[in-house]
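Please work through the exercises below with the sequence and the model at hand. Each task is followed by a solution in steps.

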Amino acid sequence: MIRRGFQLKLSIIFACVMILVLFASGYLIYKTALGEQKEELRSKIVSMAKLSSLLINGDLHSSIKPEIASQATPAYIEIKSILEKIRKSDSLIDSVYTMVKSNKEDIWVFIVDSGNKRGITAYCGERYDVSRFPEMRKAFTVPSVDKKCNIDKWGMFLSGYAPIYNSQKEVVAIVGIDVTAKSIQRLQLLLAKKIGMILLLVMIFALFFAWLVAKGITNPLRVLTNAVHEFGKGVLTKKVEIKTRDELEDLAVAFNNMTAQIKEGRDKLQRHYLGTIRSLAQALEAKDPYTMGHSERVTHYALDIARHIGVSEEDMNILKEVCLFHDIGKIGIPEKILSKTGPLTEEERHVIEMHPKIGEDILKFVEFLKPGLPIVRDHHERPDGKGYPHGLKGKEIPLLASIVSVADVFDAITTDRPYRKALPKEVAIKILEENRGTQFDPYVVDVFVGYLKENK
């Protein structure tokens, strides 16, 4: 596998460039967002002021005289209760108050004050110089809000104002709402945190994006490297798909052409191997006229059984390649035993039971036939454990070997042998059914017998 050092270096370079750009753009975004936030806050303050003015009864407010004694009147108490509720309705609000003009142009008078969060309250009749607050001076005409924070004896505030109307739609007072600078700073801190969180998320995305870009550069090399490793393991069917429209894509095409040519050469060599082994098998059968064509017929039956069972295409190909050689091990068995017309002795039976193992030893050096070796080795095993060469039982026996076992015996029963004539198909079927579960896999027998009865 290609080392990741190159990809890591590219990722770091891309990430550093993107992070620098992000921090510069983040600062600009923060400044812009801060200005927008202030405008949004000013809009919110003036909206709260307008809403508050609607909650105050102008006629009732006009009945309050601008003097301390008025603080005990029901009208004062009622309006103060309303102002306190307004102050508590939003954590940004520090205080809410009402004011009227005095007989001096820039001197206004407090009427009702909710008091601020520190418990300081302007008394009824307290005078206040508004000459330094141009937005406040507009309040008797239109709702307004300060453009920047103002400082007085109560602290630093950003304030909004709205006129209070009586039942004749006349302006009789104004309501003011103060938002402390501390609240504004809290909002700025919150904004900074949000911007910081966004920057962090974008930074993570930038790192991921940088990794993707680096991966896009190095991935084609990794694909080629993996393909070369697979090639080294003998896998020649894997195609390299690279769509980069550059030299890497040309290299992938050249690699695919090379593997295709090598695969074609290997296939030819495999066909030569198969041809050689097939010749040996045919030479073996040619020595005995009774077994002439036995392997071809067994292969034919085995493929029919496998097809009706529904084995995979891979297993079908294994059967096609290996079933012809299931008895190749008989090359190592003396001819006098193979052609003997009478019963075999115990010693002769032991010798002939060696042919599955001999066949496995002959074929095991042919790499592409290795998946089919269990067919050659185990086609004489029995579910009851009385088979050979290893005495396997039940599910220990590979399915393909069980298929060949049934096909092998059926052909042996229905063809002439030195010690008897061929038996009818009906008799062969009866023998298979009588030995299902002992000598033969019951499922394989059922499938094959069903097939034979359907195809008379």
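The model is predicted: local features need pLDDT of at least 70, side-chain atom pairs count only at pLDDT 80 or more, and totals for chains, interfaces and linings use all residues. Residues are numbered from 1 along each chain as its sequence is written, and side-chain values use heavy atoms, with hydrogens and water left out.

**Exercise 1. The chain as a whole**

Task: State how many helices and strands the protein chain has.

Solution. Step 1: The terms come from DSSP runs, with helices being H or I of at least four residues and strands being E of at least two, numbered from the N terminus. Step 2: On that basis the protein chain has 15 helices and seven strands. Step 3: Of its 456 residues, 42% are buried (under 20% relative accessible area; exposed is over 50%, and partly exposed lies in between, with a 1.4 Å probe and protein chains only). Step 4: Among contacts (heavy atoms within 4.5 Å) with a separation of 6 or more, 60% are between residues 24 or more positions apart.

**Exercise 2. Strand S1 and its partners**

Task: Determine which strands pair with S1 (residues 93-101) and in what sense.

Solution. Step 1: Two strands pair if DSSP finds at least two bridges between them. Step 2: S1 pairs with S7 (residues 171-180) in the antiparallel sense over six bridges, and Tyr97 has Gly176 of S7 as its bridge partner. Step 3: S1 and S2 (residues 107-113) also run antiparallel, joined by five bridges, with Val100 opposite Val109 of S2. Step 5: Eight of the nine residues of S1 are buried, so S1 is largely enclosed by the rest of the structure. Eight of the ten residues of S7 are buried, so S7 is likewise largely enclosed.

**Exercise 3. The surroundings of Asp146**

Task: Decide whether Asp146 is buried or exposed, and list what it touches.

Solution. Step 1: Asp146 lies in the loop between S4 (144-145) and S5 (150-152). Step 2: Its relative accessible area is 3%, so Asp146 is buried. Step 3: Leaving aside residues up to four places away in sequence, Asp146 touches Arg42, Glu135, Met136, Leu158, Ser159 and Tyr161. Step 4: Asp178 is 32 residues from Asp146 in sequence, and their C-alpha atoms are 10.0 Å apart.

**Exercise 4. Helices H14 and H15**

Task: Describe how H14 (residues 425-434) and H15 (residues 442-454) are arranged.

Solution. Step 1: Their axes come within 10 Å and cross at roughly 160°; axes are lines fitted to C-alpha atoms, for helices over the stretch in contact, and angles run from 0 to 180 degrees between N-to-C directions. Step 2: H14 and H15 are therefore roughly antiparallel (over 145 degrees). Step 3: The contact is made by Lys425, Ile429, Leu432 and Glu433 of H14 and by Val445, Phe448, Val449, Leu452 and Lys453 of H15.

**Exercise 5. Two backbone features**

Solution. Step 1: Most residues other than glycine have a negative phi, and most peptide bonds are trans. Step 4: Lys169 is in the loop between S6 (155-165) and S7, and its relative accessibility of 67% makes it exposed.

Methods. Parallel < 35°, antiparallel > 145°, perpendicular 65-115°, else oblique.
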